[in-house]
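Visitor: I would like a close look at one part of this structure, the place where the two chains meet. Please take me through it step by step.

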Amino acid sequence: MADFLGIHGTALAVREQRLQLLAANIANADTPHYKAQDLDFNGALNAALAAQRGGPLEQGSAISTATTNAHFLRPSSQPSLDGNTVDGDRENAAFAQASLEYRASLSFVEAKVRGMLTAITGQ
Amino acid sequence: MSNLPIFDVAGSAMNAQSVRLSTVASNMANADSVSGDPNAVYRAKQPVFTTEQVGANPALQGVRATQVLDSQAQPIKRYEPGHPLADGNGYVYAPDIDPVAQMVDLISASRSYQANVEVFNSAKETALATLNMGR
């Protein structure tokens with residue numbers, strides 16, 4: 001039952017983590033010395049899946065460990081005087097894309113849930 | 001702090017940007033407030049932004065306007081003996097505020113605020129869609 005959602009449940013959680021990081025970047029677009037952060041989605045997803053397959057680790061902790069390890073500081077596209085590496089437009093675009101990807105993952109999960117509901121109710 | 005830290009992050013940024021908008025408004029409003037005493041002249045205010053951890057994840061940083069600093073720029077001395085506030089030598093002192101720089105700051109703060117409202121709305125939509133799963 002745990003892997004009923006397959007890859008999509010984990011993917012959804014990792015995508016949420018990435019959305020949060022991008023939101024933090026946008027929030028700190030004017031904070032001196034703030035370094036733009038990002039998440040290596042591929043790496044985080046693979047690590048989380050491997051951890052879940054490998055042992056009795058809780059799904060939540062597997063995901064949080066994997067996303068913490070996949071953090072990286074995104075290099076800035078151009079130097080700024082206050083040491084901030086956030087590029088507002090790039091960040092907005094990345095957030096929009098990440099938000100769309102989240103919706104995509106969500107629709108996969110939702111399809112699974114709907115399928116299961118149909119099977120349960122038998123209608 | 002909550003289960004949905006993205007709202008805290010965007011909210012903290014909106015709060016900080018609105019502090020910045022307020023300081024700009026205050027600076028613009030007082031650009032022409034003269035005084036007869038150079039030490040009593042209005043000083044341009046500027047907020048200082050620092051990161052602030054939101055929730056349990058140390059990577060997730062919100063923002064906070066920790067303090068509002070007074071500008072150290074010297075007041076502008078003008079010779080206006082007819083001015084009611086003029087000092088003994090006929091001088092009045094005006095704050096050294098550059099309205100163009102203030103307008104730039106205003107636009108920048110307002111754009112950043114809007115970007116965070118955008119983030120907030122889109123996070124709200126995705127959260128609602130997730131909560132309505134299976135309905």
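**The contact between the chains**

Guide: This is a predicted model. The count between chain B and chain A is one salt bridge. It joins B:Arg20 to A:Asp30, with the closest N and O atoms 3.0 Å apart. Across the interface of chain B and chain A there are also six residue pairs in polar contact, both residues being at pLDDT 80 or more.

On the side of chain B that touches chain A, at least two residues each come from helix H1 (5-29), strand S1 (45-53), strand S2 (61-70) and helix H2 (99-131) of chain B. H2(B) gives the largest share of that side, ten residues. By class, the side of chain B that touches chain A has 13 nonpolar, 14 polar and three charged residues.

The contact as a whole takes in 27 residues from chain A and 30 residues from chain B. Between the two chains an area of about 2,200 Å² is buried, and carbon and sulfur atoms give 63% of it.

Next comes one pair of helices within this contact. Two packed helices are described by the angle between their axes and the distance between the axes. For helix H1 (residues 7-27) of chain A and H1(B), the angle is about 5 degrees and the axes are 9 Å apart. An angle under 35 degrees counts as roughly parallel, so H1(A) and H1(B) are roughly parallel to each other. From H1(A), the residues A:Leu19, A:Gln20, A:Ala23, A:Ala24 and A:Ala27 meet B:Pro5, B:Ile6, B:Val9 and B:Ala13 of H1(B). The contact of H1(A) with H1(B) has eight nonpolar residues, one polar and no charged ones.

Technical notes
Residues are numbered from 1 along each chain as its sequence is written. Chains are lettered from A and ligands numbered from 1 in the order in which they are written. This is a predicted model: local features need pLDDT of at least 70, side-chain atom pairs count only at pLDDT 80 or more; totals for chains, interfaces and linings use all residues. Side-chain values use heavy atoms; hydrogens and water are left out. Contact means heavy atoms within 4.5 Å. Buried area is the accessible area (1.4 Å probe) that two parts lose on being put together, summed over both. A salt bridge is a side-chain nitrogen of Lys or Arg within 4 Å of a carboxyl oxygen of Asp or Glu. A polar contact is a pair of N or O atoms within 3.5 Å; within protein, one must be able to donate a hydrogen and the other to accept it, and residues adjacent in sequence count only if both atoms are side-chain atoms. Helices (H or I, at least four residues) and strands (E, at least two) are DSSP runs, numbered from the N terminus. Ala, Val, Leu, Ile, Met, Phe, Trp, Tyr, Cys and Pro count as nonpolar, Asp, Glu, Lys and Arg as charged, and the others, Gly among them, as polar. Axes are lines fitted to C-alpha atoms, for helices over the stretch in contact, and angles run from 0 to 180 degrees between N-to-C directions. Angles under 35 degrees count as roughly parallel, over 145 as roughly antiparallel, 65 to 115 as roughly perpendicular and the rest as oblique.
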